[in-house]
Amino acid sequence: MIMGLAAVNLSISAIKSRLTKLYKSKKLRSVVISAIIAWVSMWVWSVDRSSSPATRAALSPILNLERLGYDALFALRGLRNEEVDPRIVIVPFDRSSEQSLNASWPLPRSIHAKAIENLRADGAALIVYDVIFSVKSNPVDDRALDAALSKGDVVLAMRIDRDQSKLRKSGEFPYSDDALKIDFERNTREGFAEAPFDDDQIVRTSAPVATFQDKPVPSLALAAYMAANGIP
């Protein structure tokens with residue numbers, strides 16, 4: 001019996017000695033500290049997008065430090081224009097566009113239809129149209145746009161609206177009217193266009209997928225990638 005207790009004591013002593021060595025190990029301390037930082041960062045990230053303004057306000061110093069860290073890392077990294085695919089062309093609508101078209105925003109859908117047809121004629125393999133057409137305009141313009149969207153090479157923007165509690169969602173999808181036989185979704189793909197702004201009105205993250213009515217919905221960028229690569 002005495003020998004058995006002695007063996008147990010020796011085993012406990014050996015375990016304590018090994019744990020002490022592990023605790024003093026710089027590698028182990030680094031791993032533990034890294035794990036704690038990662039856990040805190042994940043927790044803070046989830047709080048940053050919490051539905052409770054009071055929680056965000058209470059933790060604003062930590063959140064601000066985290067954001068400053070992101071900003072500093074991107075500033076140190078600098079721009080990476082060489083990583084932008086040269087085949088991607090952005091066609092903006094600005095003040096000069098209004099002057100040349102003699103029209104202000106929102107434009108008649110017949111102009112959008114003409115723009116899509118011109119892009120197609122200029123050789124665009126895929127047209128990603130960052131405009132939400134969720135309501136009807138006049139039937140003539142709606143039919144013109146419906147015809148321009150019929151080729152299957154356009155990705156349209158949609159929106160997922162969330163209330164403050166984020167418990168309910170409503171969607172703004174491309175317009176359709178069965179009676180007029182107009183359906184902007186029929187031959188297009190859709191992706192949500194909204195970006196998540198932080199409290200200081202800067203976008204630091206992107207969400208490639210959201211859920212709407214328990215179904216995954218891609219972002220506009222992801223929908224474009226999927227369309228360009230033939231991914232259903």
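**Pocket, helix pair, loop**

I looked up the lining of the largest pocket first: H6 gives the largest share, six residues. The model is predicted, so I note the limits: local features need pLDDT of at least 70, side-chain atom pairs count only at pLDDT 80 or more, and totals for chains, interfaces and linings use all residues. Numbering runs from 1 along each chain as its sequence is written, and side-chain values use heavy atoms, without hydrogens and water.

A pocket here is an open set of points on a 1 Å grid over the protein atoms alone, where a 1.4 Å probe fits, with protein on both sides within 12 Å along at least five of seven lines; lining residues have an atom within 4 Å of a point. I read a volume of about 1,700 Å³ for the largest pocket, counted as the space filled by probe spheres set on the points. Its lining has 44 residues, and Ile-88, Val-89, Ile-90, Ile-127 and Val-128 lie nearest the centre. Helix H5 (95-101), H6, strand E1 (127-129) and helix H8 (220-228) each give two or more residues to that lining. Helices (H or I, at least four residues) and strands (E, at least two) are DSSP runs, numbered from the N terminus. I noted 31 nonpolar, seven polar and six charged lining residues; Ala, Val, Leu, Ile, Met, Phe, Trp, Tyr, Cys and Pro count as nonpolar, Asp, Glu, Lys and Arg as charged, and the others, Gly among them, as polar.

Next I took H6 (residues 109-121) against H7 (residues 139-148): the axes come within 7 Å and cross at roughly 20 degrees. That makes the two helices roughly parallel (angles under 35 degrees). Contacts (heavy atoms within 4.5 Å) include Ile-116 in H6 and Leu-145 in H7 among the residues that meet.

Last, I checked the loop between H5 and H6, where Pro-106 sits. A cis peptide bond joins Trp-105 to Pro-106, with omega about 5 degrees. Asn-102, in the loop between H5 and H6 too, has a positive phi of about 55 degrees although not a glycine.

Conventions
Axes are lines fitted to C-alpha atoms, for helices over the stretch in contact, and angles run from 0 to 180 degrees between N-to-C directions. Angles under 35 degrees count as roughly parallel, over 145 as roughly antiparallel, 65 to 115 as roughly perpendicular and the rest as oblique.
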